[in-house]
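Trainee: I would like to learn how to read this model. Please take me through its features in turn.

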Amino acid sequence: MATKKTPAGKTPPKSQAAEDLKALFEDGLKDIYWAEKALTKALPKMAKNASSEELKSALTNHLEVTKTQVQRLEQVFELMGKKAQAKKCDAMDGLIKEGEGIIEETEIGAVRDAGIIGACQKVEHYEIATYGTLRTWSRALGEAEITTILEETLAEEKEADVTLTIVAESAVNADALEADEEEENEEEETNSSSKKSSKGSSKSAAPKKSGKSGSSKSKK
Ligand SMILES: [Fe+2]
Ligand SMILES: [Fe+2]
């Protein structure tokens, strides 16, 4: 379709641009296939950086689920009579980079855990939106079997999101709140007691409250 004229104000399509819903659907599959594969590499890093056991296991669990989702997508490609092909997903690339940035910008412990949960929930929401759309398109295309497969993954992404909320609300957020208070106390201590060594770097070897048992707080 090289001879079509682009109307004023519209962006001209690239040479391989999708011409129908089926082509758009297949592009979407390639995109999420790249994203899921990228997540199988990103999730272990997130899990390693998590301190809460609940969060670690939620992430390792979802890593296994994600590996199954990759296989499921390969099955979808097969049902479409296509070779499984990944196309870089700029959105997921950005979300993963943002997650890595959050790790670097947070102290290890509950605060980093809260950051990881937030970053991972953005990923899950992106996946929920993507699979929701793909499922609707495949339904419109009359692909019943593919629709069922995609809905299975969609349900898993929703479940992962709920699990992360539970982990956040059951302990991580409260611990992160306390970590902030601890830090303030430490700063006060450093300011009042050791005024001579004014090195600026706030938290060093200040005593940590012992017996911090993580999930013993009921605050939300
Ligand atoms: Fe996924
Ligand atoms: Fe996911």
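**Reading the helices**

Mentor: From the N terminus on, the elements of the protein chain run α-α-α-α-α. The chain has five helices and zero strands. Helices (H or I, at least four residues) and strands (E, at least two) are DSSP runs, numbered from the N terminus. Residues are numbered from 1 along each chain as its sequence is written, and chains are lettered from A and ligands numbered from 1 in the order in which they are written. This is a predicted model: local features need pLDDT of at least 70, side-chain atom pairs count only at pLDDT 80 or more, and totals for chains, interfaces and linings use all residues.

Trainee: What is the mean pLDDT of the protein chain?

Mentor: pLDDT is the predictor's confidence in each residue, from 0 to 100. Here the mean is 88, and 81% of the residues reach 70 or more. Over residues 196-220 the pLDDT is below 50.

Trainee: How do the axes of α3 and α4 cross?

Mentor: Axes are lines fitted to C-alpha atoms, for helices over the stretch in contact, and angles run from 0 to 180 degrees between N-to-C directions. The axes of α3 (residues 90-104) and α4 (residues 110-140) come within 9 Å and cross at roughly 175°. Therefore α3 is roughly antiparallel to α4, a label for angles over 145 degrees.

Trainee: Which residues of α3 and α4 meet?

Mentor: Two residues are in contact if their C-beta atoms, placed from the backbone, lie within 7 Å. On the α3 side, the residues include M92, L95 and I102; on the α4 side, they include I116, A119 and V123.

Trainee: Is S52 buried or exposed?

Mentor: A residue is buried if 20 or more other C-beta atoms lie within 10 Å of its own, exposed if 12 or fewer, and partly exposed in between. S52 has 24 such atoms within 10 Å, so S52 is buried. This residue is found in the loop between α1 (21-49) and α2 (53-79). The C-alpha atoms of S52 and D113 are separated by 7.0 Å, although the two are 61 residues apart along the chain.

Trainee: Which residues touch the most other members of the largest nonpolar core?

Mentor: A nonpolar core is a set of buried Ala, Val, Leu, Ile, Met, Phe, Trp, Tyr and Cys residues joined through C-beta atoms within 7 Å. The largest one has 42 residues, and L55, I116, I117 and V172 touch the most other members. Two or more residues come from each of α1, α2, α3, α4 and α5 (144-193). Leaving out residues up to four places away in sequence, I117 touches L55, L164, V167, A168 and V172.

Methods
Angles under 35 degrees count as roughly parallel, over 145 as roughly antiparallel, 65 to 115 as roughly perpendicular and the rest as oblique.
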